[in-house]
Amino acid sequence: MNEPLIELRNLEGHFPIKRGIFFPRQVGVVRAVDGLDLQIHHGETVGLVGESGCGKSTTGRAILKLLQPTAGKVLFQGEDLATLSPKDMRFRRRNLQMIFQDPYASLNPRMTVEDIIGEPLAEYKLVPRDARPSRIMELLDLVGLSKDCLRRYPHEFSGGQRQRIGIARALALEPDFMVCDEPVSALDVSIQAQIIDLLVELRERLHLTYLFIAHDLAAVEQISDRVVVMYLGRVAEIAVADQLFARPKHPYTRALISAVPIPDPAAEAKRERIILSGEVPSPLSPPSGCYFHTRCPIATELCRDRRPEPRDIGEGHLVSCHHAEA
């Protein structure tokens with residue numbers, strides 16, 4: 001394949017825990033992202049899944065440098081974003097945009113739709129002032145909203161409509177890459193399908209590249225070309241979407257997929273549900289060896305002592321498990 005559009009090399013996102021008021025001292029570190037390697041190619045949609053707290057959103061925000069990575073590299077077209085100055089990153093950010101999770105909190109309630117979508121156009125001076133209204137209308141039409149929305153405020157719209165406004169704002173700068181941080185999790189199920197269909201249509205029409213972050217595996221399966229499964233800040237498995245859902249190799253991935261409901265009652269009754277024991281370990285003090293061994297039904301002494309690295313078991317299917325072939 002061609003050179004990746006986005007490449008993460010040993011990305012780390014750690015958050016220090018401090019105590020004390022006048023002389024605070026560090027007493028621990030939350031390892032939200034703990035050494036992540038990933039490539040995302042032009043025109044590809046990569047789904048990023050895992051339980052709450054596994055580091056999905058931290059990864060997305062670190063790519064855009066909304067959070068400064070603790071270590072590692074974030075390469076965009078070969079340029080390391082982690083080393084850019086705020087001024088240089090501001091210029092580069094027009095190529096990298098984000099769709100936020102909560103459409104109720106991500107829009108300024110005191111701004112009209114025209115102001116919200118027009119703000120990035122004015123900030124980056126992409127179009128002349130007299131041409132902005134027509135460009136805003138183009139963006140509204142692109143996301144399925146009418147010109148009647150221009151003078152209205154966010155509180156006058158439903159959740160799905162607000163998310164469309166957020167998408168239009170993200171598209172205003174004509175980005176190459178977009179981080180979709182759980183863009184449908186706050187919406188009704190029927191609206192979720194519409195937003196996913198819209199994202200698929202925009203990807204094909206505008207040649208976009210997505211990192212689609214979600215905990216809903218059904219949504220991820222629908223939109224993704226490849227899927228990355230994270231557990232406690234590390235990669236558990238990476239594979240083409242069809243292959244991952246048909247033949248998952250990591251015990252954690254198998255457990256996640258077994259929890260996805262099947263609309264066929266007969267098939268639902270026959271399949272085996274995998275119930276994981278215990279709780280997710282704290283990222284403040286992760287276990288030794290494989291982070292998943294405390295909940296894994298096939299863990300051995302090897303899993304407790306040695307950390308498994310992602311390895312290719314064929315056709316680009318990467319899995320971080322000593323017993324993936326079991």
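Ile 17 sits in strand β1, which covers residues 6–19; strands here are DSSP runs (E, at least two residues), helices are likewise runs (H or I, at least four residues), and both are numbered from the N terminus. Before going on: this is a predicted model, where local features need pLDDT of at least 70, side-chain atom pairs count only at pLDDT 80 or more, and totals for chains, interfaces and linings use all residues. Residues are numbered from 1 along each chain as its sequence is written, and side-chain values use heavy atoms, with hydrogens and water left out.

Back to Ile 17, which counts as partly exposed because its relative accessibility is 31%. The scale runs like this: buried is under 20% relative accessible area, exposed is over 50%, and partly exposed is in between (1.4 Å probe, protein chains only). Together with Val 27 and Leu 284, Ile 17 makes a nonpolar surface patch of about 210 Å². Patches take residues with over 30% relative accessible area and no salt bridge, joining nonpolar side chains (Val, Leu, Ile, Met, Phe, Trp, Tyr) within 5 Å and like charges within 9 Å. The areas come from the Shrake-Rupley method with a 1.4 Å probe, and for residues only the protein chains shown count as cover.

Now the sheet. Four strands form an open, antiparallel sheet in the order β2-β1-β4-β5. Its edges are β2 (25–40) and β5 (79–80), each pairing on one side only. Strand β4 (residues 71–76) joins β5 over two bridges, antiparallel; strands pair if DSSP finds at least two bridges between them. Leu 75 has Asp 80 in β5 as its bridge partner.

On to the inside. The largest nonpolar core has 59 residues, and Ile 167, Leu 171 and Leu 199 have the most contacts inside it. Apart from it lies another core of 29 residues, among them Ile 6, Leu 11, Leu 38 and Val 179. A core here is a set of buried Ala, Val, Leu, Ile, Met, Phe, Trp, Tyr and Cys residues joined through side-chain atoms within 4.5 Å. Neighbours within four places in sequence aside, Ile 167 is in contact (heavy atoms within 4.5 Å) with Ile 99, Val 143, Ile 195, Leu 198, Leu 199 and Leu 202.

Arg 135, in helix α4 (residues 132–142), is buried, with a relative accessible area of 16%.

Finally, the charges. The model has 16 salt bridges, meaning a side-chain nitrogen of Lys or Arg within 4 Å of a carboxyl oxygen of Asp or Glu. Here are some of them:

| Salt bridge | N to O distance |
|---|---|
| Asp 34 and Arg 234 | 3.6 Å |
| Glu 44 and Arg 226 | 2.5 Å |
| Glu 51 and Arg 295 | 3.2 Å |

Asp 34 in strand β2 and Arg 234 in strand β10 (residues 234–240) are 200 residues apart. Asp 34 is buried at 6% relative accessible area, and Arg 234 is buried at 14%. Salt bridges that share partners also join Arg 31, Asp 34 and Arg 234 into one network.

Glu 44 is in the loop between β2 and β3 (45–49) and Arg 226 is in strand β9 (residues 226–231), so their pair ties together parts 182 residues apart in sequence. Both Glu 44 and Arg 226 are buried.
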